Amino acid sequence: MQLKEYIPNYIVFDLETTGISCSNDKVVEISAIKINNHKVVSEFTTLVNPECTIPYNASRINGITDDMVKDAPVFKTVLESFLKYIEQYVLVGHNIHAFDMKFIYRDCKQFFGKIPENDYIDTLKMARKCLPQLGHHKLTDLADYYGIPTKGAHRALNDCYMNQKVYEYLGKETSKNNLVVKKCPKCGGIMKKRNSIYGMFWGCGNYPDCRYTENL
């Protein structure tokens with residue numbers, strides 16, 4: 001499920017691919033960083049052998065060539081490790097709703113017969129909501145706005161670190177509007193406003209596994 005709030009524990013991830021088609025193109029690099037209480041605690045990063053030729057236009061943007069990936073693992077192997085790394089963390093990325101998640105869902109369904117159930121947050125949508133005054137909301141535009149270095153953009157791990165910094169700034173923007181997410185004190189799940197015959201209340205998003213509630 002796509003979330004719109006800021007949370008302090010999450011995983012930023014990014015893909016580099018052979019093109020923009022979520023139906024036909026392949027992943028050539030995947031990176032992720034794990035954040036606990038606003039701090040980076042680990043990295044996951046690897047090139048991927050797409051088992052096809054990387055088009056010139058893709059290499060021109062991300063700098064990844066056929067020679068670089070010829071000895072890299074294939075994506076089925078990488079994806080299995082990636083799923084273990086992300087556990088049940090909320091995933092964060094820029095434009096992941098329209099792009100990265102579609103690649104992950106497509107290949108998980110193909111290789112493993114199911115898709116991951118992790119909630120995710122798209123910083124592109126957050127930025128459009130928090131910073132409507134900006135004419136453009138690309139990741140590099142947001143980095144420039146917040147004074148974050150953009151050197152190495154379009155390589156997955158560099159983009160993860162850039163995106164993490166942007167997301168932290170967006171978290172401050174959302175807190176101004178009281179959009180910081182409420183967490184369940186029992187299981188750590190995301191609390192959601194729910195309605196009943198007795199009125200509105202907070203209920204754990206992990207229901208029915210967790211039945212914790214609070215009065216509004």
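**View 1. Tyrosine 6 is a buried residue, with a relative accessibility of 6%.** In this predicted model, tyrosine 167 is buried as well, its relative accessible area being 0%. The structure holds 9 aromatic pairs. In the one formed by tyrosine 6 and tyrosine 167, the ring centres lie 4.9 Å apart and the planes meet at 40°, so this pair is tilted. The pair joins distant parts of the chain, since tyrosine 6 belongs to the loop between β1 (2-3) and β2 (10-17), while tyrosine 167, 161 residues away, belongs to helix α7 (residues 156-176).

**View 2. Phenylalanine 99 and phenylalanine 103 form a tilted ring pair.** Their ring centres are 4.9 Å apart and their planes stand at 55°, so the pair counts as tilted, and both phenylalanine 99 and phenylalanine 103 are buried.

**View 3. A cluster of rings is made up of Phe13, Phe44, Phe82 and Tyr85, linked by ring pairs.** Over the ring of tyrosine 85 sits the charged end of lysine 34, at 4.6 Å from the ring centre.

**View 4. Six strands form an open sheet with mixed pairing, in the order β1-β6-β5-β2-β3-β4.** Strands β1 and β4 (39-47) are at the edges and have a single partner strand each, so one side of each has no neighbour in the sheet. The pairing of β1 with strand β6 (residues 120-122) is parallel and runs over 2 bridges; in β6, isoleucine 121 is the bridge partner of leucine 3.

**View 5. Helix α4 (residues 100-112) lies across β2, β3 (27-36), β5 (91-93) and β6.** This helix α4 runs at about 85° to β2, whereas helix α5 (residues 123-130), which lies across β1, β5 and β6, runs at about 50° to β6.

Notes
Residues numbered from 1 in each chain as written. Predicted model: local features only at pLDDT ≥ 70, side-chain atom pairs only at ≥ 80, totals over all residues. Heavy atoms only, no water. Phe/Tyr/Trp six-rings, centres within 6.5 Å; stacked < 30°, edge-to-face > 60°. Helix = DSSP H or I, 4+ residues; strand = E, 2+ residues; numbered from the N terminus. Buried < 20%, exposed > 50% of the residue type's maximum accessible area, 1.4 Å probe, protein only. Lys NZ or Arg CZ within 6 Å of the ring centre and 35° of its normal. Pairing = 2+ DSSP bridges. Contact = heavy atoms within 4.5 Å. Axes fitted to C-alpha atoms, helices over the stretch in contact; angles between N-to-C directions.
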